[in-house]
Every structure is written in C-alpha cells, then in structure tokens.
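This report describes how the parts of one chain pack together. Please keep the sequence and the model open while reading.

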Amino acid sequence: MDRTRERLTLLLWAGPAIALVLFFVLYPMASMIVSSFSRLSFTGMHQGWAGWGNYRAILADPALSTVMGNTATWTGGVVAGTILVSLGVALVLNEEFPGRRFVRWILVIPWATSLIITSLVFAWIFDSRLGTINVLGQNLGLIERPIAFLGQSFTAMPILIAVGIFVSVPFTTYVLLAGLQSIPEDVYEAATTDGAGMLQRFWHITMPLLRPFVGLAALLNAIYVFNSFPIIWIMTNGGPINDTHTLITYMYKVAFSNDETAKGAALGTAGFMLLLVMGSLYWVLLRRSGKGAS
C-alpha cells in the first residue's frame, strides 16, 4: 500500500511535466510526421495520403544541395567557433583577477537578451545603406561606397556565423567554467612539482579532464544551432537566393511562403531524423573515447 501511494505521489509531481512534454513536444512531432506523408491544402487541411511523394519532392528540389551545405557550414562553424572562444574565456574567468564577478555578470547579457532583438541589432549594424559599419567606413575614408554585407553570399554567411558564436558563447563558457572548477587543485600542484609547464598542464591535465564538458557543450550547441531560426531569417531571410538558407529556414519558407505545407513537414521530419542520428552517433563516439581514455 505504501509503495502504491509513493508511486501515485511521484506521478502527481511528474504529471504536469509529462503533460507538457506530451502536448508541446510529442503531439506536434507526431502531427508533423503524419503531415509529411499527407497531401495538404495551403491551409493545412488533410486531402489524402501522399506516401513517399513529399520526400521524393524534397530529393528532387534543386536547392537541397545548397541548403544542406549551408546547414553543415552554419552548424559546424558556429559550434567550432563557440567552443574555441568559450574555452579561452572560461580559462580567463577561472583565474582570480579584480572585477571577475562583474565580468561574469556581463557575459550573461548576450545569452539573456532576446535572440530577435540581437538579430535586429546586427542587421542594422550591417545594413547596406545606413548600417553602422558602412557609415563609419565612409566617414573614415575606408570605403568609397556602401557594401551590401548581408546581400553577398561570401560575406553574409561568415557574419551569420559570427553572430551565432556571439550569442552561444555565454552558455558554453559557463559549462566549460563549471568543468574547470571541478578539476582539483592538487592535480596541478603535483604536476608543477614534477616540473610540468603551463602548456603541459593544459594539454595533459586540463583538456583530458575537461573533455566530457567539451563534448556536452558541443552536443547541446549542435542541437541548438541546427534548429536556430531567428538569426538567419531576420538578418538575410535566407538570401541572397538560397545562399544562407539552412534546413530549418528553408522548411519555413517552403511551408509558409510557398504554401507547400506537406513538403515542409517532410523537410522537418528529415531534419529531425538527421539530427537524432548524428547526435546519437556523436554521443556513442564520445562515450567510447571517454572509456578508452580511462
């Protein structure tokens, strides 16, 4: 009787969370998968089954290769850049210096600020006519005429990646900082006594012990960046042409701008499956490398 009461109590506490997951995650996901195999009107009304037709339409889309390449460049660039920058910032913030607490507070601002606001600010900074960069460049005589930074593919994607890194660094820095602070000082003291230099301590002590935190940060960032929408959509709208569209923004364009809701659902389902497979593979490899190191 006591065990039954205990289970009911646990279910009562977990019930709201389970209901939220079912309503806001599992139900939309199931609806998206069903829609990907359906024929839908532009209003989303079910008009019969399409089988694999929507997926064949995706594979036949001439923009698919560009979109997938952009997705890989965007995700890989932001995740790699974020890890490198965050590691450096975390190493600095792990040291004692005047004002360290204030710097840690300031670091939260890019992460706490609305992503839409941040994207709009950077869109204005790089605006082709009245943007801060163009105005300062012309006033200082560095450029003769305004440059369409977000209107050229070879400048637009690097700028988007830089903005993605800017908003991702705070969270990743705190994850890595937590890992650094979990490393016992005795290990460093013993290594110093044995004559290990700063670089040797970093490479042979810090990095191996920090590897699980780096792996976790990389995985979480990859999931977040892969699904990121506001930065690209607000700053470039996927342009010029499709040169900055990722799978997520292109899915939105297909579903709501082109009124191909079922095809958009198929793109979303394919993206979810790709992310699930890649995330699972990465996590398995990370666990194996951790066991091998131990």
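## Helix packing and cores

Helix 8 and helix 10 cross in a right-handed manner (right-handed if the near helix is turned clockwise from the far one by less than a right angle, left-handed if anticlockwise). The model is a predicted one, in which local features need pLDDT of at least 70 and side-chain atom pairs count only at pLDDT 80 or more, while totals for chains, interfaces and linings use all residues. Residues are numbered from 1 along each chain as its sequence is written, and side-chain values use heavy atoms, with hydrogens and water left out.

The axes of helix 8 and helix 10 come within 9 Å and cross at roughly 155 degrees. Axes here are lines fitted to C-alpha atoms, for helices over the stretch in contact, and angles run from 0 to 180 degrees between N-to-C directions. Helix 8 and helix 10 are therefore roughly antiparallel to each other (angles over 145 degrees; under 35 is roughly parallel, 65 to 115 roughly perpendicular, and the rest oblique). On the helix 8 side, the residues in contact (heavy atoms within 4.5 Å) include Ser168, Phe171, Thr172 and Val175. On the helix 10 side they include Leu220, Asn221, Tyr224 and Val225. The residues of this contact divide into 12 nonpolar, 5 polar and no charged. Nonpolar covers Ala, Val, Leu, Ile, Met, Phe, Trp, Tyr, Cys and Pro, charged covers Asp, Glu, Lys and Arg, and polar the others, Gly among them.

Ser168 is found in helix 8, which runs over residues 153–181. Ser168 counts as buried at 3% relative accessibility (buried is under 20% relative accessible area, exposed over 50%, partly exposed in between, with a 1.4 Å probe and protein chains only). Not counting residues up to four places away in sequence, Ser168 touches Val78, Thr82, Asn221, Tyr224 and Val225. Asn221 is in helix 10, residues 198–226, and is buried as well, with a relative accessible area of 4%. With the sequence neighbours up to four places away set aside, Asn221 touches Val79, Thr82, Ser168 and Thr172.

Helix 8 also packs against helix 6 (residues 115–125), where the axes come within 11 Å and cross at roughly 140 degrees. That angle makes helix 6 oblique to helix 8. Leu115, Thr118 and Phe122 of helix 6 meet Val163, Phe166 and Val167 of helix 8. This set divides into 5 nonpolar, 1 polar and no charged residues.

Which residues touch the most other members of the largest nonpolar core? They are Trp74, Ile159, Ile231 and Met235, out of 39 residues in that core. A nonpolar core is a set of buried Ala, Val, Leu, Ile, Met, Phe, Trp, Tyr and Cys residues joined through side-chain atoms within 4.5 Å. The largest share of this core, 12 residues, comes from helix 8. Leaving aside neighbours within four places in sequence, Ile231 is in contact with Trp74, Leu115, Ser119, Leu160, Val163, Gly164 and Val167. A second, separate core of 12 residues includes Tyr55, Ile58, Leu247 and Leu275.

## The loop between helix 11 and helix 12

Backbone features of this loop come next. The peptide bond from Gly239 to Pro240 is cis, with omega near -5 degrees, and Pro240 is in the loop between helix 11 and helix 12. The loop between helix 11 and helix 12 also holds Asn237 and Ile241. Neither is a glycine, yet phi is positive in Asn237 and in Ile241.

| Residue | Phi | Relative accessible area | Class |
|---|---|---|---|
| Asn237 | near 60 degrees | 42% | partly exposed |
| Ile241 | about 55 degrees | 74% | exposed |

## The chain as a whole

The secondary structure comes to 13 helices and 2 strands. Helices (H or I, at least four residues) and strands (E, at least two) are DSSP runs, numbered from the N terminus. Along its principal axes the C-alpha trace spans about 80 × 75 × 35 Å. Of the 294 residues, 36% count as buried. Among contacts between residues at least 6 apart in sequence, 66% join residues at least 24 apart.
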